[in-house]
Amino acid sequence: MSAGLEHRYGPYGGQYVPETLMPALAELEAAWLEAKRDPAFTTRLHELLRDYVGRPTPLYLAERLSEAAGRTVYLKREDLNHTGAHKINNAIGQALLAKRMGKPRIIAETGAGQHGVATATACALLDLECVIYMGTEDMRRQKPNVERMGLLGARVEPVEAGTRTLKEACSAAIRDWVANVATTHYILGTAAGPAPYPALVRDLQRVIGEEARAQLLEREGRLPQRVIACVGGGSNAIGIFTPFIDDPVELIGVEAAGEGIDTGRHGAPLTVGERPGILHGAYSAVMQDADGQILEAHSISAGLDYPGVGPEHAWLRDTGRARYEAITDADALAALQRLARLEGIIPALESSHAIAWTLAHGGSELDLVCLSGRGDKDLAEVIRRLDLGRGGAGEQGVDASVPGGPAQA
Amino acid sequence: MSAPTGIDRIAEAFASAQGRAALMPYLMGGFPDMATSLAIGEAYADGGADLVELGVPFSDPLADGPVIHAAGVEALRAGASVAQILELGAALAPRLPVVLMAYANIVYARGFEAFAQLLRAHAISGLIVPDLPLEEAPELRAACDAEGIALVPLVAPTTPPERLARIGALARGFLYAVSLVGTTGERGALDAGLADFLARAAAATDVPLAVGFGIGTPAQAAAAADAGAAGVIVGSRLVRAAAEADDPAAEVRGIVAAMADALAAPSAETVR
């Protein structure tokens, strides 16, 4: 195993998939091990990340946010990537890998639509056929991204099962892969799923942390006290955490508390910390009932609306290396408004969970927050929620709920 | 003499089919409701089934196509629990050997040993876990072995030869050959390479070879047997009948009987 990618993180991870897919997982692992040691591949990937995606992304000292939080807060601006989120780092890498493996057809799942857009973009660039599975509830919540994917030449397959969100989209994508594995590569969007995906996606996302660490050392001459990122499946978090693993730095993952952990309507399997289980090919923290039926998650943010999480996060939690807490829909929404007014940055609802946590928690002098994506995709949902929150008031009302926010540090 | 184990019962069911392929219909436990699914299981036995594959409904069935997926969702909505499905297995076990089909998380939720003990306590003979490949199976296999329960592995047309040999060597009860590259569901025709794949799979194991996925007509069942299967598993066709028919038990009994007739008939007349 020493030459391969990790299949296990402590007890977590593994490959719980139908036999039909096992050879494809082995092929993918071998291809990635070969590609990441091939200078032609890594050079091409690096060039695309630089010239097409726009990396390195800025590390931004958010002065007004810092003032509000009472400490220095830097934002890693993944929202400034092409397509507006960190998802493109992974999608471009995996699409290049698919090309190298000779697979002409790409499938992907998407929740918020950011991974779907990133994958559709990479497929347009590299001339690959692209099918994106998306729950119909998410298609409603994230309409602009559905339209974007169409313009980019991808086919969006609506998924009607269950609560019509990310979990079902992921299941549908895996079923497609089972049927079309010979010609198709599945670009899984997060650091979850069967091995080798958690390691592959982490390898492709760690660029976030590598850049941020170097940028912060250059700017401040020291490491951050805390690194904070939102966690759905956990790809932006594992990407920014990984280069800090051996540093004396607190790592904090922020899950979706939804309507509140005690309501059961949340997306916080790590925070809740009940019996682990198997979802989408990996053994990890998962929301389930006593029989092992997977429960439906809930979050205002489609990207965090997922009952499972990547297996490496479960292990980082158990070992105490990282800490996981949860932020409610309401606090995330308030943090989105707050960052918009303080910094002129409208963050994605996902990233707003990390912002909210930072605003609400002292005990640090220097925070690094992963601003994993921008909030344009969320505008319709945000406005709808704000209108509901004040009985249909117009724009004037937006202001009223801002000042308090979740920010009493 | 101790009572026969689950593994013994499965071996006996294949042996007593006497030269024709054993017929193993799939039953979605709790679909459309518990009582009807029991009646459907009884009808399978009445129609001439040799074994029954009893599916535990699961929230996220990755190996299943739309018909079985929808039936599982419906069963869960109707309140089906794992305990009830085990009781259903116990109720059918006197009629024919029951092989439970459960996704890995259902087994993990109770723990391997506890689950294997529950199977034995309910007179269930075997266990199929469609998302537990070779690498993840050793602990559960040991737990099942200790209870005389057959942990039945699956092989697919994509399984390479060396892996096929390793899986075949560890098979208990029978080896489940997935006839096609895809999820469960009816298809217009059997895969062109099926006979070749079944020959490779049969050569890799000492236990009988049963074939499933995509078999929905008596002619397809007979053709699968002709292609080398010692057992034929029929799922979506029967689950669809259970969903559509006014009298599901009568409907599935007729389908199972037609399949059993086709398997009993001399192959040259049935297929060609």
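Select Val227(A) and look across to Leu251(A) in strand 10 of chain A, which stands opposite Val227(A) in this predicted model. Now widen the selection to strand 9 (residues 226-230) of chain A, which pairs with strand 10 of chain A in the parallel sense over five bridges; strands are DSSP runs of E of at least two residues, and helices are runs of H or I of at least four, numbered from the N terminus, while pairing requires at least two DSSP bridges.

Move on to the interface, where 35 residues of chain B are in contact (heavy atoms within 4.5 Å) with 31 residues of chain A. Select Asp60(B) and Lys167(A), which form a salt bridge with the closest N and O atoms 2.8 Å apart; the rule, a side-chain nitrogen of Lys or Arg within 4 Å of a carboxyl oxygen of Asp or Glu, finds four salt bridges across this interface. Among the elements that give two or more residues to the side of chain B that touches chain A are helix 3 (66-77) and helix 5 (104-110) of chain B, and helix 5 of chain B gives the most, with six residues.

Local features need pLDDT of at least 70, side-chain atom pairs count only at pLDDT 80 or more, and totals for chains, interfaces and linings use all residues. Residues are numbered from 1 along each chain as its sequence is written, chains are lettered from A and ligands numbered from 1 in the order in which they are written, and side-chain values use heavy atoms, with hydrogens and water left out.
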